[in-house]
Amino acid sequence: ELKAELMLNQGSFSEGQEARAIVTVAKMARVYLFSADFEGGAKLIWPTEGMPAPLAGPSNPLVFPDEAQQIAGIRMRAVVPVGRTSSIEALRLLAVDGDADALLLGKQDWNSVINAIEDAGLSWAEDVRIYTVYRN
């Protein structure tokens, strides 16, 4: 059975702070991270366009951004929407037992993401972390 867990380096952030995601899976899987809203929207944030989904395994947890990505300037920074003093945000993990890169192109909502995975006959698991961002 495919199981996945998503952790963040902390549960709340000040605007501009850097977040790190830690992903673990129970068996080999491709992993995808989405910035999700509470209306069902989902924007793929990792892997970035043109980059294949990373492969995670039980003895190979993944960190995003990892050290090499940070050196390359890739960051995951906490942002508060304009006109707000705080924001509740969601980061969603999708682990898939096959390559779903092409299936996810153009998908902007979670239901279409999951429907594409299921229509392709792939097994999947998910996890989500809710966090708060505060403006200083």
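**Close-up views of salt bridges and pockets**

**View 1. R77 and E18 form a salt bridge, with their closest N and O atoms 2.9 Å apart.** This pair links distant parts of the chain, since R77 sits in the loop between α1 and β8 and E18 in the loop between β2 and β3, 59 residues apart. The model shown here and in the other views is predicted. R77 is partly exposed, at a relative accessible area of 48%. E18 is also a partly exposed residue, with a value of 31%.

**View 2. R75 forms a salt bridge with E18, and 2.9 Å separates the closest N and O atoms.** R75 belongs to the loop between α1 (67-71) and β8, whereas E18 belongs to the loop between β2 (12-14) and β3 (21-25), so the contact ties together parts that are 57 residues apart in sequence. The relative accessible area of R75 is 35%, which makes R75 partly exposed.

**View 3. D127 and R129 meet through their side chains in a salt bridge, at 3.3 Å from N to O.** D127 counts as buried because its relative accessibility of 16% is under the 20% limit. R129, in contrast, is partly exposed, with a relative accessible area of 27%. Five salt bridges are found in a search of the whole structure.

**View 4. The largest pocket holds about 450 Å³ of space.** Its lining is made up of 19 residues, and those nearest the centre are S35, I45, M76, R77 and Y131. R77, one of these residues, also takes part in the salt bridge with E18. At least two lining residues come from each of β5 (42-46), β8 (86-96) and β9 (124-134). The most, three residues, are given by β5. Sorted by class, the lining contains 14 nonpolar residues, one polar residue and four charged residues.

**View 5. The second largest pocket has a volume of about 300 Å³.** L44, P47, E49, D101 and L105 lie nearest the centre of this pocket, among the 16 residues that line it. β4 (29-36), β5 and α2 (101-104) each contribute at least two residues to the lining. β5 supplies the largest share here, with three residues; in the largest pocket, too, β5 gives the most to the lining. The lining of the second largest pocket consists of eight nonpolar, four polar and four charged residues.

Note on methods. Residues numbered from 1 in each chain as written. Predicted model: local features only at pLDDT ≥ 70, side-chain atom pairs only at ≥ 80, totals over all residues. Heavy atoms only, no water. 1 Å grid on protein atoms, 1.4 Å probe; cavity = no way out; pocket = protein on both sides within 12 Å on 5 of 7 lines; lining within 4 Å. Points joined across faces, edges and corners; volume = space filled by probe spheres on them. Helix = DSSP H or I, 4+ residues; strand = E, 2+ residues; numbered from the N terminus. Nonpolar A, V, L, I, M, F, W, Y, C, P; charged D, E, K, R; others polar. Salt bridge = Lys/Arg side-chain N within 4 Å of Asp/Glu carboxyl O. Buried < 20%, exposed > 50% of the residue type's maximum accessible area, 1.4 Å probe, protein only.
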